[in-house]
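Here's a quick walk through one model, sheet by sheet and helix by helix. Have the structure open and follow along.

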Amino acid sequence: MSDSKKDIFERFRSGESVPMDDPGYSDIRKRTKRTFRLSSQMNASGDINKVRNLLSEIIGQPIDTSTVIFPPFYTNYGGGISLGRNVFINHGCSFLDLGGITIEDDVMIGPRVNITSEDHPVEVDTRKTLVPSKVVIKKNAWIGAGVTILPGVTVGENSVVGAGAVVTKDVPDNCVVAGIPAKVIKAL
C-alpha cells in the first residue's frame, strides 16, 4: 500500500510499483511535458555548455563541467538521473529514469545506449503498472555502442559492456561482458 503523504516521484524512488491509473500520474504528465520542452532546446543546441546547462535543469542538479553530453539525448523524466564528474555520454542515448539512474565518475557511454529503470509486469491484469528499479553504473565503466541496460542492474567499477549487449543482471567489477544476454567473457 502506498504512503499517501509521498508524491509519486518519492514512491518510485522508494521502489514502489504504481498502477498507471494512480492519481499521481498527472504529476508525471506535467513533468514530462517540461522535460520534453527542455530536451527539444537541448537537442537543437550545438553548444556543449548549453547542453550541459539544459540537462542540469532537466535533472534538477548541476552537472560538473568535466562531464560532456553529445545530443541528441532523451529522457522521459530526468529527475531520477545523477551524473558524476568526467562522464562522457555519446549521441542518441535514451534514459528512462523514474526508477533512478546513477552514473558515477569517469564513465564512458557509447552512442545509442538505452538505460531503463522502469518495467511492467508480464501479467495482463497488472501490466499497466510501472515497476521502478534503480540502475547504477559504477566508476570508470565503459558502456559500448548500442547497449541496453535493464532495470535493477549495477555495472561494476572498471567494467566494460561490449557493443550491442543486453544487460539483464549485475556486472561484477573489473570484467568485460558481451552478448544477449550479457555474460562475462574476460576478467580485467
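## Ground rules

A residue is called buried under 20% relative accessible area, exposed over 50%, and partly exposed in between (1.4 Å probe, protein chains only). Helices (H or I, at least four residues) and strands (E, at least two) are DSSP runs, numbered from the N terminus.

What you see is a predicted model, where local features need pLDDT of at least 70, side-chain atom pairs count only at pLDDT 80 or more, and totals for chains, interfaces and linings use all residues. Residues are numbered from 1 along each chain as its sequence is written, and side-chain values use heavy atoms, with hydrogens and water left out.

Start with strand S19 (residues 183–187), which has hardly any cover: of its 5 residues, the buried count is 0. Its partner is strand S18 (residues 175–178), running antiparallel to S19 and joined to it by 4 bridges. (Two strands pair if DSSP finds at least two bridges between them.) Cysteine 175 has alanine 187 in S19 as its bridge partner. There are 4 residues between the strands of this hairpin, and glycine 179 takes a positive phi near 100 degrees.

Next up is an open sheet of 4 strands, ordered S4-S7-S12-S15 and paired in parallel. Strand S4 (81–83) and strand S15 (154–155) are at the edges with a single partner strand each, so one side of each lacks a neighbour in the sheet. Strand S12 (residues 135–137) pairs with S15 in the parallel sense over 2 bridges, and isoleucine 137 sits opposite valine 155 in S15.

The other open sheet has 3 strands in the order S1-S11-S10, this time with antiparallel pairing. Strand S1 (18–19) and strand S10 (118–119) are its edge strands, each pairing on one side only. Between S10 and strand S11 (residues 129–132) there are 2 bridges in the antiparallel sense, with aspartate 119 opposite valine 131 in S11.

## H2 against H3

Helix H2 (residues 25–44) packs on helix H3 (residues 48–59) at an angle of about 175 degrees, and their axes are 9 Å apart. (Axes are lines fitted to C-alpha atoms, for helices over the stretch in contact; angles run from 0 to 180 degrees between N-to-C directions.) That makes H2 roughly antiparallel to H3, on a scale where under 35 degrees is roughly parallel, over 145 roughly antiparallel, 65 to 115 roughly perpendicular and the rest oblique.

Who meets whom? From H2 come Arg31, Arg34, Thr35, Leu38, Ser39, Gln41 and Met42, and from H3 come Val51, Leu54, Leu55, Glu57 and Ile58. Contact here means heavy atoms within 4.5 Å. Leucine 55, in helix H3, counts as buried at 1% relative accessibility. Methionine 42 is 13 residues away from leucine 55 in sequence and 7.1 Å away in space, C-alpha to C-alpha. Leaving aside neighbours within four places in sequence, leucine 55 is in contact with Met42, Ile63, Ile69, Phe73 and Leu83.

## Threonine 75

Threonine 75 belongs to strand S3 (residues 73–75) and, at 5% relative accessibility, counts as buried. Not counting residues up to four places away in sequence, threonine 75 touches Thr35, Phe36, Ile58, Ile81, Phe95 and Asp97.

What does the side chain of threonine 75 make a polar contact with? It pairs with the side chain of aspartate 97 (2.7 Å). A polar contact is a pair of N or O atoms within 3.5 Å; within protein, one must be able to donate a hydrogen and the other to accept it, and residues adjacent in sequence count only if both atoms are side-chain atoms. The side chain of threonine 75 also reaches the backbone nitrogen of glycine 78 at 3.4 Å.
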